Amino acid sequence: MTEALETRIGKALRARGMTLALAESCTGGLIGHRLTNIAGSSEYFLGGIVAYAYDAKERLLGVHHQTLYEHGAVSRETAIEMARGARQVLGADIGLSVTGIAGPTGGLPGKPVGLTWIALSTREGETAEERVWQGNREANKERSAEAAMEMLLASLEQEPSAA
């Protein structure tokens, strides 16, 4: 049986002496919930910000007003600014963000229900990935959280250990 994703992330962060901060929108704190199910997660998980509204993204995470109005809350640009903001506000080595349209409503032309952007921000650089899910609201939230954690773990496994 393979270890839970959250356990593997914790071990990878610990091994590298790195800390994590989250910015969650469509997942509503689900990633933070999963990470804090692991005893000792306070060693590497500094905290998370659930910023659902535009105003919260701006005030709590420093997402630019212009970014939100030009690209929307569910965009590569917003996801990256959210990840960067979480990392900076909480003083972490890594910022991970998720923003999406969980459904069943909220889809727009070019932005269907299930569209999700996941981003990582470190001092070395930033990256984002787009996903589109076909499930119901709860399934879309779970898949988004899982995909974000997989992206984080893959990034950590590419980094050399700080041993």
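Leaving aside its neighbours within four places in sequence, with which residues is Ser75 in contact? The points below take up this residue and several other features of the structure, which is a predicted model.

1. **Ser75 and its surroundings.** Beyond the neighbours within four places in sequence, Ser75 is in contact with Thr99, Lys111 and Trp117. The residue sits in the loop that runs between helix 4 (65–71) and helix 5 (76–90). Ser75 has a relative accessibility of 5% and therefore counts as buried, the cut-off being under 20%. Two polar contacts may be noted here. The side chain of Ser75 reaches the backbone oxygen of Gly72 at 3.0 Å, and a polar contact of 3.1 Å links the side chains of Ser75 and Thr78.

2. **The second largest pocket.** The volume of this pocket is about 300 Å³. Its lining comprises 19 residues, and those nearest the centre are Ala73, Val74, Gly100, Ile101 and Gly106. Helix 3 (54–61) and strand 3 each contribute at least two residues to the lining. Sorted by class, the lining residues are eight nonpolar, eight polar and three charged.

3. **Helix 6: extent and start.** Helix 6 covers residues 137–158, which is 22 residues. From first C-alpha to last, helix 6 reaches 32 Å, close to the 32 Å expected at 1.5 Å a residue. At the start of helix 6, a side-chain oxygen of Asn136 comes to within 3.2 Å of the backbone nitrogen of Glu138.

4. **Helix 6: buried residues and their cover.** The buried residues of helix 6 include Ala139, Asn140, Ser144, Ala145, Ala147 and Ala148. Met149, Met151, Leu152, Leu153 and Leu156 are also among the buried residues of this helix. The elements that cover these buried residues include two helices, helix 1 (5–16) and helix 2 (30–35). Strand 1 (20–24), strand 3 (94–100), strand 4 (115–122) and strand 5 (125–132) are also included in that cover.

5. Thr27 lies in the loop between strand 1 and helix 2. Its relative accessibility is 1%, so Thr27 counts as buried. The side chains of Thr27 and Glu24 are joined by a polar contact of 2.6 Å. With neighbours within four places in sequence left aside, Thr27 is in contact with Val98, Lys141, Ser144 and Ala145.

6. **Ala21 in strand 1.** Ala21 lies in strand 1. Ala21 counts as buried because its relative accessibility is 0%. Once neighbours within four places in sequence are left aside, the contacts of Ala21 are Gly47, Ala86, Arg87, Leu90, Ala92, Ile94, Gly95 and Leu96. Ala21 and Val89 are 68 residues apart in sequence, and their C-alpha atoms are 8.7 Å apart in space.

7. Is Glu124 buried or exposed? Glu124 has a relative accessibility of 71% and so counts as exposed, the threshold being over 50%. The residue is placed in the loop between strand 4 and strand 5. Glu124 and Ile94 are 30 residues apart along the chain, with 9.8 Å between their C-alpha atoms.

Methods
Residues numbered from 1 in each chain as written. Predicted model: local features only at pLDDT ≥ 70, side-chain atom pairs only at ≥ 80, totals over all residues. Heavy atoms only, no water. Helix = DSSP H or I, 4+ residues; strand = E, 2+ residues; numbered from the N terminus. Expected span 1.5 Å × (residues − 1). Buried < 20%, exposed > 50% of the residue type's maximum accessible area, 1.4 Å probe, protein only. Contact = heavy atoms within 4.5 Å. Polar contact = N/O pair within 3.5 Å; in protein donor to acceptor, adjacent residues only side chain to side chain. 1 Å grid on protein atoms, 1.4 Å probe; cavity = no way out; pocket = protein on both sides within 12 Å on 5 of 7 lines; lining within 4 Å. Points joined across faces, edges and corners; volume = space filled by probe spheres on them. Nonpolar A, V, L, I, M, F, W, Y, C, P; charged D, E, K, R; others polar.
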